[in-house]
Structure formats: C-alpha cells, structure tokens
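Please have the sequence and the model open beside them as you read.

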Amino acid sequence: MTERKFRRVEPEFVRFLKEGDSIEGILLLRDTITFQNREASRYTIETDTGDHKCFLGSTIMDRNLTGVPIGTCIRITFLGKEQSKSGQPLKKFTVEIAED
C-alpha cells in the first residue's frame, strides 16, 4: 500500500485590517458562530493555492453574500472604516463574484 501524504486543512483566520486587504477564492462554507457574546457569520473559502481561509462577516458583507451559492468564486476587499448614521464604526467592503 502506498503511503499517503496528508496536510492539515484547518482554515487560517483572516482579518481585514488595512484598506485594500482582500481575499479571493471558492466559497466552501457559510455558518454562524458565537463571537464576543454575539452571533456572527463565518465564511470559509479555498484559495487558488488550495489553502482554506475563514473570516467573519459584517453587516454589508453578509447582505451582499446572501444568495451567493456555495462553490462560487468570490473576492472580498476591505475599503476602510466609516461611521454609520447612528455614529457606530462601520467597516466597508466590496463583494465580487467571478463571471466565469
């Protein structure tokens, strides 16, 4: 029997910290987790190098990813922070899907 090589597929957690930070890949999973005593959407993608990465959603990101099927190639880009009408900090993102 041939000995198989295995690699760990625990997703790397990605944070969007500065304007222009982005991530691109195939959407594998959308689930909900408890984070800092509130529910948050978590997305897992597979990059073109085969790495699995996950990130937490935001209000804008969640709204834009609603209805995007698992298996779709997506790109998320962090545009920076603004204040909402109520004065709360708001992270802005673009959410894009591949056309091919």
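Which residue in E4 is the bridge partner of Phe13?

1. The partner is Cys54 in E4. A word on provenance before going on: this is a predicted model, in which local features need pLDDT of at least 70 and side-chain atom pairs count only at pLDDT 80 or more, while totals for chains, interfaces and linings use all residues. Residues are numbered from 1 along each chain as its sequence is written, and side-chain values use heavy atoms, with hydrogens and water left out.

2. The overall layout comes next. The protein chain has one helix and six strands, where helices (H or I, at least four residues) and strands (E, at least two) are DSSP runs numbered from the N terminus. Along the sequence the pattern reads β-β-β-β-α-β-β. The C-alpha atoms fill a box of roughly 65 × 35 × 25 Å along the principal axes.

3. Six strands make an open sheet with mixed pairing, in the order E1-E4-E3-E2-E5-E6. E1 and E6 (89-97) stand at the edges with a single partner strand each, so one side of each has no neighbour in the sheet. Two strands count as paired here if DSSP finds at least two bridges between them.

4. Now for the surroundings of E4 (residues 52-56). E1 (residues 12-13) pairs with E4 in the parallel sense over two bridges. E3 (residues 38-46) runs antiparallel to E4, joined by five bridges, and Glu46 stands opposite His52. E3 and E4 form a hairpin with five residues between them, and Gly50 in the turn has a positive phi of about 90 degrees.

5. E4 is mostly covered, with four of its five residues buried. Buried means under 20% relative accessible area, exposed over 50%, and partly exposed in between (1.4 Å probe, protein chains only). Cys54 belongs to the buried class at 8% relative accessibility, whereas Cys73 is partly exposed at 26%.

6. Why are there zero disulfides in the structure? The sulfur of Cys54 is 18 Å from the closest cysteine sulfur, in Cys73, which is too far for a bond. A disulfide is taken as a pair of cysteine sulfur atoms within 2.5 Å.

7. At the other end of the sheet order, E5 (residues 73-83) and E6 pair antiparallel over nine bridges. Gln83 stands opposite Pro89, and the bridge partner of Glu82 in E6 is Leu90. E5 and E6 also form a hairpin with five residues between them, and Gly87 in the turn has a positive phi of about 90 degrees. E2 (residues 22-35) runs antiparallel to E5 with five bridges, and Gly25 stands opposite Ile74.

8. A few totals to finish. Buried residues make up 30% of the 100 residues in the chain. Of the contacts (heavy atoms within 4.5 Å) with a separation of 6 or more, 44% are between residues 24 or more positions apart. The chain exposes about 7600 Å², with carbon and sulfur atoms supplying 47% of it; accessible areas come from the Shrake-Rupley method with a 1.4 Å probe, and for residues only the protein chains shown count as cover.

9. On charge, the chain has 16 positive and 16 negative side chains, and the centres of the two sets lie 5 Å apart. Lys and Arg count as positive and Asp and Glu as negative, with His and the chain ends not counted; each charge is placed at NZ of Lys, CZ of Arg, CG of Asp or CD of Glu.
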